[in-house]
Amino acid sequence: MTEETLLKVENLSKSFGGVNAVENVSFEVKKGEIVAVIGPNGAGKTTLFNLVTGVIPATSGKITFKGVSIIGKRPYQIASLGMTRTFQNLQVFNNMTVIENVMTGSHIRLKTGILSSGLRLPNVYKEEKEVMQKALQCLEQVGIADLAFERAETLPYGNQRLLEIARAVAAEPSFILLDEPMAGLNPQESRNLVNVLKNMRKQGMTFLFVEHDMETVMSIADKIVVLDYGKKIAEGTPEEISSNPKVIAAYLGEEEAI
Amino acid sequence: MDNNLTKIYNRSLKGPLIFFVVIMLLPFIFQSNNYILSTFIMIGFYSLVTTGLTLLIGYAGQISLGHAAFYGIGAYTSAYFTATLQMPSWIGILVGAIIASLVSLIIGIPVFKLKGHYLALATLGFGVIIFTFFKEWKTITGGLNGFFGIPPLSLFGISFSTDFQFYFLIWIFVFLGIFFARNIVQSRVGRALMSIHGSEIASEAIGININKYKLQIFVLSAVYASIAGSLYAHYVTFINPQLFEMMTSIYFLIMVVIGGIGNIWGGLIGAAIYVFLGELLKDIVPKIIPNASGEFEIVFFGVLLVVILIYMPNGISKAIFHFIKRITSNFKNKPVSAFSKKSTGSDIHD
């Protein structure tokens, strides 16, 4: 594992009118790490994700990915730098089969344009073969290759989450953002997903994820960033975070009190 | 794992070839029946437009209520270049397509910042503007009096002056158009288009430049409409602005929806149903309501659109393909089980 910095967020702020959804947040993600962002509801976690992936523009601050500033870049441009994501509220392409979803994920790896596809030039067939093979591999990686030819919308919730991950992986990114990957999964599905993520990390993938499920966070995160009311209140290893009084007051304490 | 592409995409040529042969044999049966031939020729023009529109509406999920404008741009450009400037037909078709693509590009850039109803309204407004151009730019279009004396189409030294000749020409164009569109749908570009329909935010997150694809497919559909318009102008030899007004755009949309969005043959099927039903209505309605005006068509297709949207949101083509599948599997003596695995055959993209 190298110590190369993949993502660097510096003094990032976002305000919606008078509300500071994210305020002066700074942190780094190194290559090969799994970093978790936690915090109570409304702490600005999803906003942070949307800022990093370019879905919404930042009010101020810097974001660099692989040494390149990605402030002001469109989401598709950021994706082509090697950063893909999944969504808290699933965004599976319901109008396609499972494998087509994943093949769509390989978009930036392919070249076929509108004319070469319309005329079905010889290289298109080769490319299609390869992308299908690649998609099947990605599905195998998350364990739903047997569902490849089902309609995506017919999949149960947990499998749709895995499908989103397979689709994100198909772009061969170096960095994946997961927005509440465990939400709505039963304990068995969660454990399965944790294993999938751990395996991917072994192959050199870097993750940033937002999660409420503390068991998951503690078991797979190398580093945890804690947000509360848009501000970073702590950062550290799972052990450090679980004993941090500020965090317990803001987040864990409330959970335990229930 | 089986990595045969045919498990995802139906690239079989058997069905289309049979259909093509049937279409190509029809005129020999009805050689002397100009009514049948001209009906099929009209279906051909509409099919070409609706196939392009199916890519835009059915696959990319972007609506257009202004495609009659591109149909008209093709028609008037061909008319002007061949009748007024005395140039060969192919130049008119080509220049028409170029103008249509430039206009669609210029319109598309601002218009695709909009979504849903707003996009529909913007394209509707665009159609009205172009209609006004056709009406008022009298030195070129002849205004409301129309454009007379468009010469018959002549390509590769052959003059297509009879219905019998024209029939083959238009249907070859239709089949080429459908194959081009089908190839697009079954590729990276088609998946990108469908992903925009599925979820724009997810589509961008995997690196798809959605504005670029919306624009590209809008331009392509404009070119389809323009070529159809050029051929149409040569066929009827007289055009006027009313042929390209708003209602025509709406009828195009109705054809696409009736035929079935999300199926590349839907445009053709919708166009055929529209033309046949229209002809049937012209026969039947005056017998029931003797003093009915031409407006009954609008009422009828409006109602049909609503019924289709409620009961067959995927259009008639889907039902037809299921039916064909059932018949062919009966022929092969395979038992058809209602509980057979649903996703393997019927959801393949034709």
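Let's start with a pairing in chain A: strand 1 and strand 4 (residues 60–65) run antiparallel and are joined by five bridges. Strands here are DSSP runs of E with at least two residues, helices are runs of H or I with at least four, and both are numbered from the N terminus; two strands count as paired if DSSP finds at least two bridges between them. This is a predicted model, where local features need pLDDT of at least 70 and side-chain atom pairs count only at pLDDT 80 or more, while totals for chains, interfaces and linings use all residues. Residues are numbered from 1 along each chain as its sequence is written, chains are lettered from A and ligands numbered from 1 in the order in which they are written, and side-chain values use heavy atoms, leaving out hydrogens and water.

**The four-stranded sheet**

- Chain A has an open sheet of four strands in the order 2-1-4-5, with antiparallel pairing.
- At its edges sit strand 2 and strand 5 (68–69) of chain A, each pairing on one side only.
- On to strand 1 (residues 5–16) and strand 2 (residues 19–30) of chain A: they pair in the antiparallel sense over eight bridges, and L7(A) stands opposite V29(A).
- Those two strands make a hairpin with two residues between them, and G17(A) in the turn has a positive phi of about 60 degrees.

**The six-stranded sheet**

- Another open sheet in chain A is made of six strands in the order 6-7-8-3-9-10, and its pairing is mixed.
- Strand 6 and strand 10 (231–236) of chain A are the edge strands, each pairing on one side only.
- On average, neighbouring strands of this sheet are turned by 15 degrees against each other, direction ignored.
- Strand 3 (residues 34–38) and strand 8 (residues 206–210) of chain A run parallel, joined by four bridges; A36(A) has F209(A) as its bridge partner.
- Strand 9 (residues 223–228) and strand 10 of chain A run antiparallel with five bridges, and V225(A) stands opposite E235(A).
- Strands 9 and 10 of chain A also form a hairpin with two residues between them, where Y229(A) in the turn has a positive phi of about 45 degrees.

**A pair of helices**

- Helix 5 (residues 122–142) and helix 6 (residues 157–170) of chain A have axes that come within 9 Å and cross at roughly 135 degrees. Axes are lines fitted to C-alpha atoms, for helices over the stretch in contact, and angles run from 0 to 180 degrees between N-to-C directions.
- Helices 5 and 6 of chain A are therefore oblique to each other (under 35 degrees is roughly parallel, over 145 roughly antiparallel, 65 to 115 roughly perpendicular, and the rest oblique).

**Cavities**

- The structure holds two cavities of 30 Å³ or more. A cavity is a set of points on a 1 Å grid over the protein atoms alone where a 1.4 Å probe fits but cannot get out, and lining residues have an atom within 4 Å of a point.
- The largest cavity has a volume of about 60 Å³, a volume being the space filled by probe spheres set on the points.
- Its lining includes T53(A), R85(A), I201(B) and A205(B).

Definitions and conventions. On a 1 Å grid over the protein atoms alone, a cavity is a set of points where a 1.4 Å probe fits but cannot get out, and a pocket is an open set with protein on both sides within 12 Å along at least five of seven lines; lining residues have an atom within 4 Å of a point.
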